[in-house]
Amino acid sequence: MKFRSYMDIALNEARAAAHRSEVPVGAVIIHAGKVIGSAGNRTRELNDPTAHAEMLAIRAACAALGQERLTGCDLYVTLEPCPMCAAAISNARIGRLYYGASDPKSGGVGQGPRIFSHAQCHHVPEIYSDIDATACEALLKSFFTQRRGS
Ligand SMILES: [Zn+2]
C-alpha cells in the first residue's frame, strides 16, 4: 500500500486553532484509513492546560472506537509532542507517531525527557519526525510573530 500522509488534516486543525487565538498545533488519528479523531489546541478556550491537540484527538478517537486503547492507529501532529502527550500516546498504545516540527522548548520525544526511551515507558510507537516540518514550523512562527507585534 502506498504511504499517504494525513498531515494536511493536522495542518488544517492547526490553522483553525490559530484563528481561535490558540497556539497552532493540530492532530489527527487514523484507524484503518479513516479519520477517527482530529483536534487543534483548545487550552485557552477550555481553560484546560491538558487540552493539547493530541490529548483532544486521543479522547475523540477513543470515544469513536468505544475503547481506551488505540492499538494500530496512526497519530499525526504538527509539532513534536510534549512529555504529557507522549505519555498519553504510550498509554493509548498508538501504533505510529508522525510529527512535523521539532520543539526544542517543550518537546518530549526527540529531546528533553525523551519519554519513549525510558524503561518505564511500556509502549513505544514507531516514530517518524520532520513530516511537512517546514509548513508546521511556518504556522507557529507567524503566529508568535503576530502575537509579539500586537
Ligand atoms: Zn502536549
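What follows covers an annotated site, two helix pairs and a few single residues.

This is a predicted model, where local features need pLDDT of at least 70, side-chain atom pairs count only at pLDDT 80 or more, and totals for chains, interfaces and linings use all residues. Residues are numbered from 1 along each chain as its sequence is written. Helices (H or I, at least four residues) and strands (E, at least two) are DSSP runs, numbered from the N terminus.

**The annotated site**

- An unreviewed UniProt entry puts the annotation "binding site" on His-52, Cys-82 and Cys-85. UniProt positions follow the numbering used here, feature names are shortened, and annotations may be inferred rather than shown by experiment.
- These residues span 34 residues in sequence, yet no two of their C-alpha atoms are more than 9.1 Å apart, so they gather at one spot.
- His-52 sits in the loop between α2 (43–46) and α3. His-52 is buried, with 27 other C-beta atoms within 10 Å. (Buried means 20 or more other C-beta atoms within 10 Å of the residue's own, exposed means 12 or fewer, and partly exposed is in between; C-beta atoms are placed from the backbone.)
- Setting aside residues up to four places away in sequence, His-52 touches Val-25, Asn-41, Thr-43, Cys-82 and Cys-85. (Contact means that the C-beta atoms of two residues, placed from the backbone, lie within 7 Å.)
- Cys-82 is in the loop between β3 (74–79) and α4, and is buried too, with 22 other C-beta atoms within 10 Å.
- Apart from neighbours within four places in sequence, Cys-82 is in contact with His-52, Ser-106, Gly-107 and Gly-108.

**Helix pairs**

- Two packed helices are described by the angle between their axes and the distance between the axes. Axes are lines fitted to C-alpha atoms, for helices over the stretch in contact, and angles run from 0 to 180 degrees between N-to-C directions.
- Helix α3 (residues 53–65) packs against helix α4 (residues 83–91) at about 25°, with the axes 9 Å apart. That makes α3 and α4 roughly parallel to each other. (Angles under 35 degrees count as roughly parallel, over 145 as roughly antiparallel, 65 to 115 as roughly perpendicular and the rest as oblique.)
- Where do α3 and α4 meet? Glu-54, Met-55 and Ile-58 in α3 meet Cys-85, Ala-88 and Ile-89 in α4. The contact of α3 with α4 has five nonpolar, no polar and one charged residues. (Ala, Val, Leu, Ile, Met, Phe, Trp, Tyr, Cys and Pro count as nonpolar, Asp, Glu, Lys and Arg as charged, and the others, Gly among them, as polar.)
- Helices α1 and α5 pack at about 5°, with their axes 11 Å apart, and are roughly parallel to each other.
- On the α1 side, Leu-11, Ala-14, Arg-15 and Ala-18 meet Ala-135, Cys-136, Leu-139 and Phe-143 in α5. By class, that contact has seven nonpolar, no polar and one charged residues.

**Single residues to look up**

- Most residues other than glycine have a negative phi, and most peptide bonds are trans.
- Arg-93, although not a glycine, has a positive phi of about 60°. Look for Arg-93 in the loop between α4 and β4 (96–101).
- Asp-130 also has a positive phi, near 65°, and lies in the loop between β5 (126–128) and α5 (133–149).
- Tyr-6 is in the segment before α1 (7–19), and touches Val-28, Ile-30 and Tyr-76, not counting residues up to four places away in sequence.
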